[in-house]
Amino acid sequence: MSKIHSAFENGKAFIAFITCGDPDLATTKEVVKEAVRNGADLIELGIPFSDPTAEGPVIQGANLRALSGGVTTDSVFELVKELRKEVSVPLVFMTYANVVFSYGAEKFMANCKEVGIDGIILPDLPYEEKEEFLPVCHEYGVDLISLIAPTSANRISMIAKEAEGFIYLVSSLGVTGTRTEIKTDLASIVEVIRENSSVPCAIGFGISTPEQARKMADIADGAIVGSAIIKILEKYGKDAPKYVGEYVKSMKDAIR
């Protein structure tokens with residue numbers, strides 16, 4: 001069993017997504033530490049990519065700011081190495097298949113193991129093509145985290161059966177970003193997941209308020225928040241860590 005499981009052992013998990021290097025890597029480091037200090041059970045670290053197809057304008061903007069600031073995949077690995085001196089919660093990368101492919105999958109996963117990354121989410125990797133990365137992920141003990149979307153339909157049980165780490169359930173169609181309401185019948189999807197897997201399931205995409213987080217955590221094992229945190233970073237820049245910490249605390253308190 002991977003370390004990711006530990007994020008779900010003390011009740012419902014709050015998962016925070018942060019784009020590495022927005023506005024700079026030093027701020028990312030402080031934001032991660034503040035998020036963990038205030039109750040984040042798992043951190044998703046976004047490796048900036050020039051064409052993040054699953055992301056809405058907020059996270060796309062963060063990617064562009066990080067890239068124009070000179071952030072590279074290597075500098076993100078260095079950041080994780082530094083973080084691991086102080087942060088013990090599970091850390092997973094969220095990036096795109098092309099980033100791993102162009103870096104070299106073997107080298108990428110070896111570095112993940114070396115710096116202490118527990119899993120990876122590749123939103124543009126179809127279930128049918130995951131064998132391209134799965135063997136090398138297993139070789140280095142990195143969980144390849146599966147996404148299940150409302151459109152997965154008859155594939156839900158198939159994906160759930162083979163899932164590892166945790167299952168990322170996408171709350172609604174479209175790209176990341178805050179939503180005023182989430183109308184998908186998530187409870188029935190979670191039911192199918194539970195029938196086919198004992199791996200924890202967390203819901204993401206569109207969650208920004210404590211009420212939404214509580215609702216999602218009631219249905220699943222945790223809630224994932226990205227765009228709402230990135231908006232705080234966009235607003236406060238290098239002063240953001242304190243505000244992100246306060247926000248994470250309000251979200252974690254809501255799902256306790």
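## Asp-22 and its surroundings

Not counting residues up to four places away in sequence, Asp-22 touches Thr-28, Ala-62, Arg-65, Ala-66, Ile-230 and Leu-233. The model is predicted. Asp-22 sits in the loop that runs between β1 and α1.

Is Asp-22 buried or exposed? Its relative accessibility is 2%. Buried means under 20%, so Asp-22 counts as buried. Its side chain also has a polar partner: Asp-22 and Arg-65 are joined by a polar contact of 2.8 Å between their side chains.

## Helix α1: length and ends

Helix α1 covers residues 25–37, which makes 13 residues. At 1.5 Å a residue, the helix should span 18 Å. The C-alpha atoms at its ends are 18 Å apart, so expectation and model agree.

Which residue caps the N-terminal end of α1? Asp-24 does, with a side-chain oxygen 3.4 Å from the backbone nitrogen of Ala-26.

## What α1 buries

The buried residues of α1 are Thr-27, Thr-28, Lys-29, Val-31, Val-32, Lys-33, Glu-34 and Ala-35. Thr-28 is also one of the residues that Asp-22 touches.

## How α1 packs on α3

Two packed helices are described by the angle between their axes and the distance between the axes. For α1 and α3, the angle is about 40° and the axes are 11 Å apart. Angles under 35 degrees count as roughly parallel, and 65 to 115 as roughly perpendicular. The pair α1 and α3 is therefore oblique. The crossing of α1 past α3 is right-handed.

Which residues make the contact? From α1 come Leu-25, Thr-28, Lys-29, Val-32 and Lys-33. From α3 come Ser-75, Leu-79, Glu-82 and Leu-83. An α-helix has 3.6 residues a turn, so residues three or four places apart point the same way. Thr-28, Lys-29, Val-32 and Lys-33 are buried as well.

## Asn-63 in α2

Asn-63 belongs to helix α2, residues 57–68. With 5% relative accessibility, Asn-63 counts as buried. Asn-63 and Ile-47 are 16 residues apart in sequence. In space, their C-alpha atoms are 8.0 Å apart.

Conventions:
Residues numbered from 1 in each chain as written. Predicted model: local features only at pLDDT ≥ 70, side-chain atom pairs only at ≥ 80, totals over all residues. Heavy atoms only, no water. Helix = DSSP H or I, 4+ residues; strand = E, 2+ residues; numbered from the N terminus. Expected span 1.5 Å × (residues − 1). Buried < 20%, exposed > 50% of the residue type's maximum accessible area, 1.4 Å probe, protein only. Polar contact = N/O pair within 3.5 Å; in protein donor to acceptor, adjacent residues only side chain to side chain. Axes fitted to C-alpha atoms, helices over the stretch in contact; angles between N-to-C directions. Parallel < 35°, antiparallel > 145°, perpendicular 65-115°, else oblique. Left-handed = near helix turned anticlockwise from the far one by under 90°. Contact = heavy atoms within 4.5 Å.
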